[in-house]
Amino acid sequence: MCVKLTCDILDTRLSTPAVINATLDKLSNKFADRREKHLGYPYNLDFDAWPISQFCKFLINNLGDPYVGSHYATEVCGVEREVVDWFARVWECADPEEYWGAVGASGTEGNLWALYLARETLGNPVLIHSTEAHYSVPKAAKILRIEALTCEADHTGAICPDALREVVQANRHRCVILALTCGTTMKGAHDDIASCISVLDQVGIDPSRRFVHVDGALNAMVLPFVDGLPSGIRPSFRHGIDSMSTSGHKMIGTPMPCGVLVVRREHVRRVASTVSYLRSDDTTLMGSRNGHAVLAIWNRLTRLGIAGFRHFARTCIGRADGFAGALRSASVPVLLNPCSLTVVFPKPSERLVNEYQLACHGNYAHAIVMPNVKADLIDRFVGDYTAEWPCNSRQKVFS
Ligand SMILES: *Cc1c(COP(=O)(O)O)cnc(C)c1O
C-alpha cells in the first residue's frame, strides 16, 4: 500500500526542511499506530534499538569474509563472529572451528547462499523441498538453475517421510539437496529432521552425495529453547545437517531485516577465492554487508541471553495455546502445531485481515504470537473474530 506523503519529492520548491520533517513525523506516527495491532507476521516488534542508534552516524561495512575482514576499518567482523559462535552453540555444532557463518540480508539470502554452496559441493544435484517450503527455496533453485522437485506435506504442514521416500527413491542415482523447514511459513510446522535424514540413509544417499539445509527463519530461534522437545525436530547440527539459517528480524528482533547462516566450513572452503582488492576472501553473496544489522543482532543476543529466549519461547507458546483454545471454544476450527507460535484459522473479513495485518493463504489466515503479541491484543482479536463468526466461510479448511 502506498502512503500519501505530504511532500512531493519531485517538487523541490515544496521540500523545505519543515515539510520534510513533517513528512517523516507522519510516517513515524503511522508506524507506531500500526505496530500496536500487528498479528500476521513473525516479527518480534518488542525490541529496543536505542543502544545501537548511536551508530547511525557511521557507515559500518563488513566487507568480504567475516573471518578475514578487509582494509576498511569501520567494520564489526569480530562482533559478527561472536554472533555466529552464539548460534554454533545454540544449534549444537560439535566443534565450532569446523563451521563458518555470516550475518546476511535476510533468511532468504541464507537459503539462497546455502543452496549455492550445496550446488558447488555436489555438482549437478536435484533439490527436494516440500510443498510448504518458503517461496524463497524454489526461487533460489530457479536462480541457481538447480532442478527442483517437491514432496507432499501432511495436513499439519510437515513433510511426509513416505512421500519423501518416493521422491528420493526415484532419484537415487542423483546427488540430493534436501531443504527442510523448522517452522513453515503458513502453518508453523516442523519437518522431522531425523526421520528425513534416515530416509536418505535408507535409500542409500550417503553423506558424500547429499546436502541438507534447514530453513529455520522463525523457529530455529524458538525450538532450541523449549524443554522436552521431541529430538527429531530439534534444529541441531547433531542430525548431520550441512547448514541452517534464521532471520534476525523475526524472533531475535531487529529494526532492519537481516539473517544468519551457519554452514560446515568445508563447503565454504571450496568456493573461497581471494580478492586482493578487498584483502579478503570472496565467500559471501554480497560484497558490502550491513554492519548495523550485526550490531543489532549481537545487542539482542547478549542482552537477552539463553534465559531471555527461553522466556520468549515459553510465554509465546503458552499464549498461542490460549489463543487457539479461545477460538476453539467458539467452535472455530484451528490448527496449532506443537511448540509453534502460528495459529491458523479460517480467513476472516477483509476488514479484520487489514486491521490486524494477517497473512492469508487460500481460505485460511494465520496469526503469529510473537513476544509483542500480549493478552490484550489476542483478546481484542478473538472478540472481533468471533463476533463475525460463523458469518465467514464455514468450509472445511484443514483436510
Ligand atoms: C520468513 C521466512 C523466510 C524468509 O526470511 P526473510 O528473512 O523474510 O527473507 C524463509 N523461510 C521461512 C520458513 C520463513 O518463514
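Pro390 is found in the segment after α12, where helices (H or I, at least four residues) and strands (E, at least two) are DSSP runs numbered from the N terminus. The peptide bond that leads from Trp389 into Pro390 is cis, with omega near 5 degrees. The model is a predicted one, in which local features need pLDDT of at least 70 and side-chain atom pairs count only at pLDDT 80 or more, while totals for chains, interfaces and linings use all residues. Residues are numbered from 1 along each chain as its sequence is written, and side-chain values use heavy atoms, with hydrogens and water left out.

A further backbone feature occurs at Glu92, a residue other than glycine whose phi is positive, near 60 degrees. Glu92 belongs to the loop between α3 (77-90) and β1 (99-104).

The ligand is surrounded by 13 residues, each with a heavy atom within 4 Å of the ligand. The closest are Gly107, Thr108, Asp215, Ser247 and Lys250. By class, this shell comprises ten polar, two charged and one nonpolar residue; here Ala, Val, Leu, Ile, Met, Phe, Trp, Tyr, Cys and Pro count as nonpolar, Asp, Glu, Lys and Arg as charged, and the others, Gly among them, as polar.

A polar side-chain atom of Thr108 lies 2.6 Å from a ligand oxygen atom. For Thr185, the distance from a side-chain N or O atom to an oxygen atom of the ligand is 3.2 Å, and for Ser106 the corresponding distance is 3.4 Å. Of the 380 Å² of accessible area that the ligand has on its own, the protein covers 89%, as computed by the Shrake-Rupley method with a 1.4 Å probe.

Side chains of opposite charge can pair when their charged atoms come close. The whole structure contains 14 salt bridges, each a side-chain nitrogen of Lys or Arg within 4 Å of a carboxyl oxygen of Asp or Glu. One of them joins Lys374 to Asp46, with the closest N and O atoms 2.9 Å apart. This pair links distant parts of the chain, 328 residues apart: Lys374 is in the loop between β12 (364-368) and α12 (375-388), and Asp46 is in the loop between α1 (17-35) and α2 (50-53).

Note on methods
Polar contact = N/O pair within 3.5 Å; in protein donor to acceptor, adjacent residues only side chain to side chain.
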